[in-house]
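Biologist: I would like to learn how to read a model like this one. Please take me through the features in turn.

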Amino acid sequence: MRNSNTTYREYERKSRISAEEKYQRASVTLADPDRPDLARQDLLFRRFMELLQQHATERQPVTFYADKLCLSADHFARMIKKGSGRTVTQWIHDSVLSQAKIYLSDPRLNIQQIAHHLRFSDQSAFGKFFRKHTGQSPSAYRKSLRTTPSHE
């Protein structure tokens, strides 16, 4: 059996869609009028996404979001996984990565500043996190932005 993190990273590489697009797709999946239990999941998921956007740069743990939603961490994690097919941690990482990519597209910010904005302990910790989830270093990602032609 394959490691779920490996499968998730492969999905991320293949899909190349933003966290917002994933949210929209998951919301469509959750919205089923014939299943009232899904309406509660959808509401929980929407509230989680709102909190995630508000705290995008804070890298809060699962318990932070569960507490904000007045749920136990285990129940919250199960509901999000059941409703969206992805773990809370995956959603949090997506949010941090999306913010990191936005910061990396700004040449005025160096990588150390970005690591600080995203509340990593240091530039090395940020680099390890970014490489683990994207397959490339922050500087390589930034360089790829300069060499990729804009489609605007």
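**Reading the helices**

Modeller: Counted from the N terminus, the elements of the chain run α-α-α-α-α-α-α-α-α. That comes to nine helices and zero strands; helices (H or I, at least four residues) and strands (E, at least two) are DSSP runs numbered from the N terminus. The model is predicted: local features need pLDDT of at least 70, side-chain atom pairs count only at pLDDT 80 or more, and totals for chains, interfaces and linings use all residues. Residues are numbered from 1 along each chain as its sequence is written, and side-chain values use heavy atoms, with hydrogens and water left out.

Biologist: What share of the 152 residues in the chain do buried residues make up?

Modeller: Buried means under 20% relative accessible area, exposed over 50%, and partly exposed in between, with a 1.4 Å probe and protein chains only. Here buried residues make up 39% of the 152.

Biologist: What span is expected for α5, and what does the helix reach?

Modeller: The expected span of a helix is 1.5 Å times one less than its number of residues. With 12 residues, α5 reaches 16 Å from its first C-alpha to its last, close to the 16 Å expected. For the 17 residues of α6, the span should be 24 Å, and the end C-alpha atoms are 24 Å apart, which agrees.

Biologist: Which residues of α5 are buried, and which exposed residues does the face turned away from them carry?

Modeller: Phe76, Met79, Ile80, Gly83 and Ser84 are buried in α5. Down the axis, these buried residues fall within an arc of 100 degrees, so they line one face of the helix; the arc is that of the directions from the helix axis to the C-beta atoms. The face turned away from the buried side carries Asp74, Arg78 and Lys82, which are exposed.

Biologist: How does α9 read, at residues 138–147?

Modeller: Its buried residues are Pro138, Tyr141 and Arg142. They cover an arc of only 100 degrees around the axis, which puts them on the same side of α9. Lys143 and Thr147 are exposed on the other side. What covers the buried residues of α9 includes α6 (88–104), α7 and α8.

Biologist: How many residues of α6 are buried?

Modeller: In α6, 12 of its 17 residues are buried, so the helix is mostly covered. Among them are Trp91, Asp94 and Tyr103.

Biologist: At what angle do α6 and α8 pack?

Modeller: Axes are lines fitted to C-alpha atoms, for helices over the stretch in contact, and angles run from 0 to 180 degrees between N-to-C directions. For α6 and α8 the angle is about 110 degrees, with the axes 11 Å apart. That makes α6 roughly perpendicular to α8, a term for angles of 65 to 115 degrees. In contact (heavy atoms within 4.5 Å), residues of α6 including Val96 and Leu97 meet residues of α8 including Phe126 and Phe129.

Biologist: What should I make of phi?

Modeller: Most residues other than glycine have a negative phi. Cys70 has a positive phi of about 60 degrees although it is not a glycine. Cys70 lies in the loop between α4 (62–68) and α5 (73–84) and is exposed, with a relative accessible area of 71%. Arg119, also not a glycine, has a positive phi of about 60 degrees, and its place is in the loop between α7 (111–117) and α8 (123–134). Gly85, which follows α5, has a positive phi near 80 degrees.

Technical notes. Parallel < 35°, antiparallel > 145°, perpendicular 65-115°, else oblique.
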